[in-house]
Amino acid sequence: MGENIILSVSDISKHYKYYKTLFDIRKNVIKAVDGVSFDVLKNEIFAVVGETGCGKSTLSKLILGLTEKTSGEIYFKGEPLDYNNKKKDFRKKIQILFQDPYSSLNPKKKIYKIISYPAVKNGIIKNKKRDRIDFAAERLKNVGLSESTVSNYPHMLSGGQRQRVGIARCLSVQPELLILDEPVSALDVSISAQILNLLADLQKRNGMSYIFITHDLKLVRHLADRVCVMYGGKIMEIAKTEDFFNAPVHPYSKTLIKSMTSMSFTRQNL
Amino acid sequence: MSIEINNLTVELCADKHNANCINVADSLFLTVDEGEVVSIVGESGSGKSFLGLSILRLNPLRISKITSGEIKIKCKSQKTEIDILKLNPDELIGARGRLVSMIFQDPNTSLNPVMKIGEQITEAIIAHKKVSKKEAKDTAVSYLNSMNIDGKSRFGSYPYELSGGMRQRVMIAMAMVLEPCFLIADEPTTALDVTTSLQVLKLIEDIREKSNIGVIFITHDLTVARSISDRTYVFYAGQVMESGNTGDLINNPAHPYTISLIKSVPSLSADYVPKQKLFTIPGFLTKDDFSKGKCRFYSRCFKRGEECLKDIPLSSFTGGGKSGRDVRCVKVKNF
């Protein structure tokens, strides 16, 4: 295994069983993720593209260990990823930024508590109010918010500010891999540009890898180094971003690119 | 089959005692011709959805009122021009759905979850027309078929059994079933995927071609506006900042706000350089932007100057484009 690889997913599957009626004895299976393998390199932005229901989010859940995998293996820096292994502290190294900043922050907690909680849990700082406030204030500066935000509640912030708090929370444990689950799709045009700039900036500064889950190809072209196209739980194509947009190989990738509305897209293209 | 909005002003107040009012639509002029798609583009909070609701007079009465203006609609089924703002409540109920119809933003929340979709469509027909249940059902099925949904088998489905794209098509069927003269589509593609949103756009384009009705298409995505509309109005804080032919406006924007909006979206064109820093509009839309006596975009504009601190009218330019362009900016003299 190359030293440059930070995360290696090999032949991973997640099958959900369901029963059509109460007395159904057949085993119906939905293959949400079916035999997916890919590598994510260090300092790379790896985009995962696909329609709703293609298994993008299940894949991110599998990587985070939020759901049991059916089969397959995930390696983090060459070691099997096992969140129960206390020595390795994988939890600290892989973090996720959620899609919707309105529902991913606890409305009852002040901002400093939200940001410093992962750090306290992972033993980076002590569970003292003064420590937590100082820690949060510094993190907030990194994401372009004023320090006075620490004592606010989430409802006092706008969507863009909340997403920044979400970013600050992810970065509080200094992860090496960050999963971005549609980070700007809930935000406005002008705000999403600010967040994208911030994410690109932080990646350069901290040398992290991103797995960037999205369905917006414009963002992929703007940010990603490599693209992986998923459909029905399987990977259709993995390519470098340039190659993907200049010469897509798989028919599904071609349809995707064709159906992107862009500034040069007029009624005749419909 | 056209709509003409003249000098429309809608007031939105913080409480029912009419204190702290702002103009969410500020002396607005807008026309849509027969068979024309006009899009309204702007950030969230700019008052574009509120305008859509105001045209149907669905704006919440407790906190908002239409203070001036007229909304004239010409329709084939009606002999004379109708001013929506002058209708009494009974007439208004008849007008909604028949004269003007609306596709709402989120199909997941605007369909009734405990009613079959077929029933929801026939309900609208029976409320407006004197037809039997059987006839109403036939109409509903045929409309569902025309939206590429198998009407017969899907008539008895509940909304949860349908995908997002199908739900949105049901919403469109429901809006079209009374054959309105005019359609307002409030962000119909925002909640959808790339490929399904393209299907919905195609459907709206088909409807426009077949029945030749006027459409107001509300969106925050300039690329979607480009793909569907003939003319575009760029909205900010309840005012039209720029309007004109869609192609002209996007290829050659004049108002600083339009320029910023276009620049802040990464593009797919061949000459675009990835990984560069995106242009951003500083800050966000606040209540202060709605205050009078200055350009409403002043606090976030990259071109601002002292001359912007007065009320700025919408002025017409006949620049390089074919059609006239209206721009609300003192800095733009000619282009």
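This is a predicted model: local features need pLDDT of at least 70, side-chain atom pairs count only at pLDDT 80 or more; totals for chains, interfaces and linings use all residues.

Q: Which cysteine does Cys13(B) join, and what is the handedness of the disulfide?

A: Cys13(B) is joined to Cys21(B), with an S to S distance of 2.1 Å. The torsion about this S-S bond is about 95°, so the disulfide is right-handed. As for cover, Cys13(B) has 5% relative accessibility and counts as buried, whereas Cys21(B), at 31%, counts as partly exposed.

Q: What parts of the chain does the pair of Cys75(B) and Cys181(B) link?

A: The sulfur atoms of Cys75(B) and Cys181(B) are 1.5 Å apart, and the two residues form a disulfide. The pair links distant parts of the chain, 106 residues apart. Cys75(B) sits in the loop between β4 (64-74) and β5 (82-83) of chain B, while Cys181(B) sits in the loop between α7 (164-176) and β7 (182-186) of that chain. Both Cys75(B) and Cys181(B) are buried. Counting bonded cysteines along chain B, the pattern is 1-2, 3-4.

Q: Which residues gather in a patch of positive charge on the surface?

A: The patch consists of Lys108(A), Lys109(A), Lys113(A) and Lys129(A). One of them, Lys113(A), lies in helix α3 (residues 111-121) of chain A and is partly exposed, with a relative accessible area of 32%.

Q: Which residues form a nonpolar patch on the surface?

A: Tyr16(A), Tyr18(A) and Ile30(A) do, and together they have about 260 Å² of accessible area. Tyr18(A) belongs to strand β1 (residues 5-18) of chain A; at 34% relative accessibility, Tyr18(A) counts as partly exposed.

Q: How many salt bridges does the structure hold, and what is the general idea?

A: Side chains of opposite charge can pair when their charged atoms come close. The structure holds 22 salt bridges over all chains.

Q: What does the salt bridge of Glu176(A) and Lys77(A) tie together?

A: The closest N and O atoms of Glu176(A) and Lys77(A) are 2.5 Å apart. Glu176(A) is in the loop between α5 (159-171) and β7 (177-181) of chain A, and Lys77(A) is in the loop between β4 (71-76) and β5 (79-80) of chain A, so the pair ties together parts that are 99 residues apart in sequence. Glu176(A) is partly exposed at 24% relative accessible area, and Lys77(A) is partly exposed at 39%.

Q: Where do Arg130(A) and Asp134(A) lie?

A: Both lie in helix α4 (residues 129-142) of chain A, four residues apart, about one turn of the helix. Arg130(A) is exposed, with a relative accessible area of 54%, while Asp134(A), at 41%, counts as partly exposed.

Q: Which residues are linked in a network of salt bridges?

A: Asp201(A), Arg205(A) and Lys277(B) are linked in such a network.

Definitions and conventions: Residues are numbered from 1 along each chain as its sequence is written. Chains are lettered from A and ligands numbered from 1 in the order in which they are written. Side-chain values use heavy atoms; hydrogens and water are left out. A disulfide is a pair of cysteine sulfur atoms within 2.5 Å. Buried means under 20% relative accessible area, exposed over 50%, partly exposed in between (1.4 Å probe, protein chains only). Helices (H or I, at least four residues) and strands (E, at least two) are DSSP runs, numbered from the N terminus. Patches are made of residues with over 30% relative accessible area and no salt bridge: like charges are joined within 9 Å, nonpolar side chains (Val, Leu, Ile, Met, Phe, Trp, Tyr) within 5 Å. Accessible areas come from the Shrake-Rupley method with a 1.4 Å probe; for residues, only the protein chains shown count as cover. A salt bridge is a side-chain nitrogen of Lys or Arg within 4 Å of a carboxyl oxygen of Asp or Glu. Lys and Arg count as positive and Asp and Glu as negative; His and the chain ends are not counted. The place of a charge is taken as NZ of Lys, CZ of Arg, CG of Asp or CD of Glu.
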